[in-house]
Amino acid sequence: MGTKTVDETGVKTDEHKTDETAEAPETIEAEKSEGAQATPDDATTDAGAADDADSATTETGAPTGVGQGAGAVVSAGLGIVSLTGSWVGTVASARESLIGQLQTSSSSNVGTLIEKGYGNAWHATALWGGAFALVALIVGVVVLARPAFGAPGRPQAPWIKSVAWAGVALGVIGLLLAVLKYTDILLGLPSTG
């Protein structure tokens, strides 16, 4: 422990404690000056506080971008469906094939059989693929254009832009392939003559 001394007022004090109290104002001011400089730990704490402020903002009804993200994913999904085919397109193709077989008889020429039995089915598949591609393209463009009509100063998340652009690109490719299939430029029906 410290030694006891008598100060100017005649009060006995502990010398060790006096030194601590004398240093206390200096350490308090040093801590204040260190607090003024942001450390990396303080920056992450401030970022966490900003995140809390953002979550409070979303609780008050501000847009969160969830709809835009969902729209971007839907656009990309529809673009993939336009390229790979859909259940609706498969059913429409089978239906057209069946109708073509019912409309032709065994005495019909081969060209008519191919056109009615397979050509119409191929065109139905192309139409449904083109419909999915067109919807993917429209949804992707709407998602990309949405920030222009939204809250100013609130940027769109980069992943939303990327997925929406993917949906637009897949929609364009799907639409192009649908047009090429429907016009028989791509994988047209074989000639019978």
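Angles under 35 degrees count as roughly parallel, those over 145 as roughly antiparallel, those from 65 to 115 as roughly perpendicular, and the rest as oblique. The model is predicted, with pLDDT of at least 70 required for local features and 80 or more for side-chain atom pairs, while totals for chains, interfaces and linings use all residues. Residues are numbered from 1 along each chain as its sequence is written, and side-chain values use heavy atoms, with hydrogens and water left out.

Helices are DSSP runs (H or I, at least four residues), numbered from the N terminus. Their axes are lines fitted to C-alpha atoms over the stretch in contact, and angles run from 0 to 180 degrees between N-to-C directions. Helix α4 (residues 87–103) packs on helix α5 (residues 110–145) at an angle of about 155°, with the axes 7 Å apart. The two helices, α4 and α5, are therefore roughly antiparallel. The contact (heavy atoms within 4.5 Å) includes Gly89, Ala92 and Glu96 of α4 and Lys116, Ala121 and Trp128 of α5. Its residues divide into 5 nonpolar, 8 polar and 2 charged; Ala, Val, Leu, Ile, Met, Phe, Trp, Tyr, Cys and Pro count as nonpolar, Asp, Glu, Lys and Arg as charged, and the others, Gly among them, as polar.

Helix α3 (residues 66–84) packs against helix α6 (residues 158–182) at about 25°, with an axis separation of 8 Å. This angle makes α3 roughly parallel to α6. The crossing of α3 and α6 is left-handed. Among the residues in contact are Gly69, Ala72, Gly79 and Leu83 of α3 and Trp159, Val163, Gly167 and Gly171 of α6. By class, 13 residues of the contact between α3 and α6 are nonpolar and 8 are polar, with no charged residues.

The axes of α3 and α5 come within 8 Å and cross at roughly 155°; α3 and α5 are therefore roughly antiparallel. The crossing is left-handed. Residues of this contact include Gly71, Ser75 and Leu78 of α3 and Phe132, Ala136 and Val143 of α5. The contact of α3 with α5 comprises 9 nonpolar, 7 polar and no charged residues.

For the aromatic side chains, Lys181 lies over the face of Trp122, at 5.5 Å from the ring centre (the criterion is NZ of Lys or CZ of Arg within 6 Å of the ring centre and within 35 degrees of the ring normal).

Conventions. A crossing is left-handed if the near helix is turned anticlockwise from the far one by less than a right angle, and right-handed if clockwise.
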